[in-house]
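Colleague: I have a model open and would like to learn how to read it. Could you walk me through it, feature by feature?

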Amino acid sequence: MNDDKIPQALYLVLFLVVVGSSLAARRLPLKDTAKMALAWVGIFALGIAIVAFKDEWKVLGTRMTAAITGGASQGEVAGGELRIPVRDDGHFWIRGMVNGVPVDFLIDSGATTTTVEQSIADEAKLETGLRVEQVDTANGSVVMKHSEANSLQVGPIVRSDFPVLIAPQEGLNVLGMNFLGSLRGWRSDGRTLVLIP
């Protein structure tokens, strides 16, 4: 046994002696004593599970909130990092803001530039010029207009004068590599995407 395991074993033995002696002092029938001992084991197992899986409980709470409200996750800030749980479709979605207008973004490291649909661009008052770009998407090639958002916010992360493309069709709100590349770092942590501002 390692030297660092000895104190843990002593605490466990001490705990068992205290619980066992308190149950024996009550002089209950063996059947009632066994029931009470199992109840205490269950209580401590539940406490250990809550502490051991605290991050998973937070992710579960975030996913349940998103499922109930029907929108993308707001993400969760932990230790200065924005943690985004994967959705049932296998993708990472986050609720963001473009010029104060809420947008559910698909986070796509395969997309070069952040894109918003025309209705969002209209509501956010994104101005466009004559400059357009042909973009290859999963559904074929699309011509998109260039624009710049005064403010793009994802959780606590805010970018000013941020370049975006405007898609003519609905449902194409993508947070691309120009946003991910502006971060200090990002990584996939199991079923959670971690953005480091």
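Colleague: Let's start inside. Which residues of the largest nonpolar core touch the most other members?

Modeller: The general idea: in soluble globular proteins, nonpolar side chains tend to be buried together. In this predicted model, the largest nonpolar core has 28 residues, and Val98, Leu126, Phe179 and Leu195 touch the most other members. Strands E2 (81-85), E3 (93-98), E4 (101-107), E7 (140-154), E8 (157-167) and E11 (192-196) each give two or more residues to this core, as do helix H4 (118-123) and H5. There's also a second, separate core of 8 residues, with Ala111, Val135, Ala167 and Val174 among them.

Colleague: Take Phe179, then. What is Phe179 in contact with, leaving aside neighbours within four places in sequence?

Modeller: Go through the partners one by one: Thr114, Leu152, Val154, Ile157, Arg159, Phe162 and Leu195. Leu195 is another of those core residues that touch the most other members.

Colleague: How do I read sequence distance against distance in space?

Modeller: Pick a pair and check both. Val77 and Val194 are 117 residues apart in sequence, yet their C-alphas are 9.5 Å apart in space. Val77 is in strand E1 (residues 76-78), and, neighbours within four places aside, Val77 is in contact with Leu82 and Pro156. For the whole protein, take the contacts between residues at least 6 apart in sequence: 48% of them join residues at least 24 apart.

Colleague: Why does Trp40 count as partly exposed?

Modeller: Trp40, which sits in helix H2, counts as partly exposed because its relative accessibility is 40%, and that class runs between the 20% and 50% cut-offs.

Colleague: What about the totals?

Modeller: Buried residues make up 32% of the 197 residues. The protein exposes about 12,400 Å², and carbon and sulfur atoms supply 60% of that.

Colleague: Last one: where is confidence lowest and where is it highest?

Modeller: Begin with the overall figure: the mean pLDDT is 83, and 86% of residues reach 70 or more. Confidence is lowest in helix H3 (residues 54-69), at a mean of 63, and highest in helix H5 (residues 177-180), at 96.

Key: Residues are numbered from 1 along each chain as its sequence is written. This is a predicted model: local features need pLDDT of at least 70, side-chain atom pairs count only at pLDDT 80 or more; totals for chains, interfaces and linings use all residues. Side-chain values use heavy atoms; hydrogens and water are left out. Helices (H or I, at least four residues) and strands (E, at least two) are DSSP runs, numbered from the N terminus. Buried means under 20% relative accessible area, exposed over 50%, partly exposed in between (1.4 Å probe, protein chains only). pLDDT is the predictor's confidence in each residue, from 0 to 100. A nonpolar core is a set of buried Ala, Val, Leu, Ile, Met, Phe, Trp, Tyr and Cys residues joined through side-chain atoms within 4.5 Å. Contact means heavy atoms within 4.5 Å. Accessible areas come from the Shrake-Rupley method with a 1.4 Å probe; for residues, only the protein chains shown count as cover.
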